[in-house]
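Please keep the sequence and the coordinates at hand while reading.

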Amino acid sequence: MAKIISEVSRTFSEYLLIPRLTRKNHLPQNVSLSSPVAKFKSGESSRLLLNVPFVSASMQSVSGAEMAISLARRGGCAFIYCSQSIEQQAAMVSRVKSHKAGFVQSDSNLKPDNTLRDAISLRKKTGHSTMPVTHDGSRNGIFLGIITDKDFWEFEDNLDAPVSQFMTPKENVVFGVYGITLHEANKVLRNSKKECLPVLEKDGNLHSLVFKKDYFDHMNNPDELLDKNKRLITGAGVNTHDYKDRIPALMEAGIDALCFDSSDGYSEFQMEAAKWARTRYGNDVIIGGGNVVDGDAFRYLVEEADVDFVKVGIGGGSICITREQKGIGRGQASALMAVCAERDRYFSETGIYVPVCSDGGLANDTQIIIALAMGADFVMMGRYFAMTVESPTPKVSIGGRIYKPYWGEGSNRARNWQRYNQAAEGDSGMKFEEGVDAYVPVVGSVKEVMSVTMAKLKSTMCNMGSVTLKEFADNAVLTRISEQSFVEGGTPNVISLDKDLPREV
């Protein structure tokens with residue numbers, strides 16, 4: 001007969017934290033939100049550390065290139081959705097990796113005989129107003145000069161004239177030679193009062209560009225997450241169907257981390273795909289597995305699939321109906337605590353720490369805080385980021401308020417039936433949905449939304465006598481709460497100025 005787990009399946013909303021002693025050094029400015037993504041041995045460091053413990057879900061309505069750029073600049077990481085063509089996903093990764101690189105590979109290049117009309121068309125396509133001119137129009141061709149939108153008047157000059165008549169020729173361009181450091185390049189920009197510094201190879205070929213604005217972007221975003229080449233970190237979702245083609249393309253594009261996108265990751269399909277990636281790329285790539293809800297599944301993905309981190313959660317997402325449709329899943333708090341307990345046992349046995357990501361079941365900032373207190377190393381969120389201006393869906397007005405579409409990867413709209421293994425041979429389409437199609441209100445930019453959440457998290461960590469996330473989880477004391485605790489924790493006995501008082505007409 002079936003095995004019954006006697007413990008009730010719990011959610012984050014059923015718990016509160018009991019404060020610990022706050023000492024004088026427990027101040028928000030002393031708090032570090034750094035968190036590991038890749039597994040590591042005791043005494044060593046993870047191959048990738050987040051500066052803030054937030055990642056965005058691999059969903060069509062959440063994680064595009066703009067989200068990945070904005071989130072990395074705040075210290076987190078996006079997982080660009082895989083329910084698109086391999087070429088499109090790889091192009092998104094390339095866009096993120098070239099957005100802020102210190103030394104930027106130019107993607108807006110012209111030949112000297114291109115016309116101003118060509119330059120305007122290229123500017124509209126790429127969004128870049130600074131365009132190097134090379135002998136063959138390639139990014140690494142012989143550098144001949146540079147043209148910007150300040151060098152001509154779009155509505156006055158002859159748009160059929162060649163750019164060679166308007167560009168600043170090489171002999172009048174301030175440039176650096178390959179081998180120059182980023183600090184030295186920025187110093188040249190400052191002394192020459194220029195916006196862009198071309199960096200040339202010794203043979204005169206264009207190597208890269210350094211921009212003044214990137215320096216100020218970095219200074220305004222001190223937590224931005226960068227790789228060893230000063231490029232933004234980004235992740236990508238992958239599946240167990242076309243991974244032998246998709247993963248190489250993503251690696252070529254410069255991806256930093258992969259995460260298998262599955263509602264249930266406790267499978268031989270995911271194990272074989274993860275082992276293939278590990279065998280081919282070794283530790284050059286970070287691999288995440290999941291989703292799981294118990295210790296057995298955690299062990300399987302860690303020991304058999306050799307993943308770097310494990311994602312926890314089935315059916316807890318705001319637009320996920322897997323529990324309703326298939327009867328599988330577990331309350332997110334119970335699932336997270338079970339997996340974290342197994343992670344700690346595994347670490348005690350082997351000396352290897354495998355980070356855990358809590359995915360789903362996060363309805364507000366308080367529940368994000370509770371998830372981290374329960375032992376999650378970082379959290380993955382969909383709705384939270386779908387409500388920001390950087391999510392890839394268009395704004396729509398409903399009843400005078402601005403919303404964005406938000407749908408689950410298991411919905412018909414996503415057309416992502418392979419993720420749920422619903423297709424029979426020779427068949428296509430979804431037989432049932434595991435996600436819904438909805439709208440969420442636009443609440444602000446990634447920077448604005450995360451600033452509020454991080455302020456709350458840091459304040460709570462100080463209440464808990466902690467300045468690191470590990471201390472936070474180690475020190476946490478949680479209490480179960482009753483239904484009346486919900487009522488007591490609100491404001492039921494007063495009149496709210498915002499909600500209850502009648503408005504003057």
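A salt bridge is here a side-chain nitrogen of Lys or Arg within 4 Å of a carboxyl oxygen of Asp or Glu. The model is predicted, so that local features need pLDDT of at least 70 and side-chain atom pairs count only at pLDDT 80 or more, while totals for chains, interfaces and linings use all residues. Residues are numbered from 1 along each chain as its sequence is written, and side-chain values rest on heavy atoms, with hydrogens and water left out.

**Salt bridges**

| Pair | Distance (N to O) |
|---|---|
| Lys97 and Asp256 | 2.7 Å |
| Arg278 and Asp308 | 2.7 Å |
| Glu349 and Arg299 | 2.9 Å |

Helices (H or I, at least four residues) and strands (E, at least two) are DSSP runs numbered from the N terminus. Burial is stated by relative accessible area, with buried meaning under 20%, exposed over 50% and partly exposed in between (1.4 Å probe, protein chains only).

In the salt bridge between Lys97 and Asp256, distant parts of the chain are linked, since Lys97 belongs to helix H2 (residues 86-99) and Asp256 to the loop between helix H6 (243-253) and strand S14 (257-260), 159 residues apart. Both Lys97 and Asp256 are buried.

Arg278 and Asp308 also meet through their side chains, and this pair links distant parts of the chain, with Arg278 in helix H7 (residues 268-281) and Asp308 in the loop between helix H8 (295-304) and strand S16 (309-312), 30 residues apart. Arg278 is buried at a relative accessible area of 9%, and Asp308 is buried at 0%. Both residues take part in a network of salt bridges that links Lys39, Arg47, Arg278, Asp306 and Asp308.

For the salt bridge of Glu349 with Arg299, Glu349 lies in helix H10 (residues 332-350) and Arg299 in helix H8, so the pair ties together parts that are 50 residues apart in sequence. Glu349 is exposed, with a relative accessible area of 54%, whereas Arg299 is buried, with 15%.

**Backbone geometry**

A cis peptide bond, with omega about 5°, joins Gly290 and Asn291, and Asn291 is found in strand S15 (residues 286-292). Lys193, a residue other than glycine, has a positive phi near 60° and sits in the loop between helix H4 (182-192) and strand S11 (196-200). Lys230 is likewise not a glycine and has a positive phi of about 65°; Lys230 is found in the loop between helix H5 (212-220) and strand S13 (235-238).
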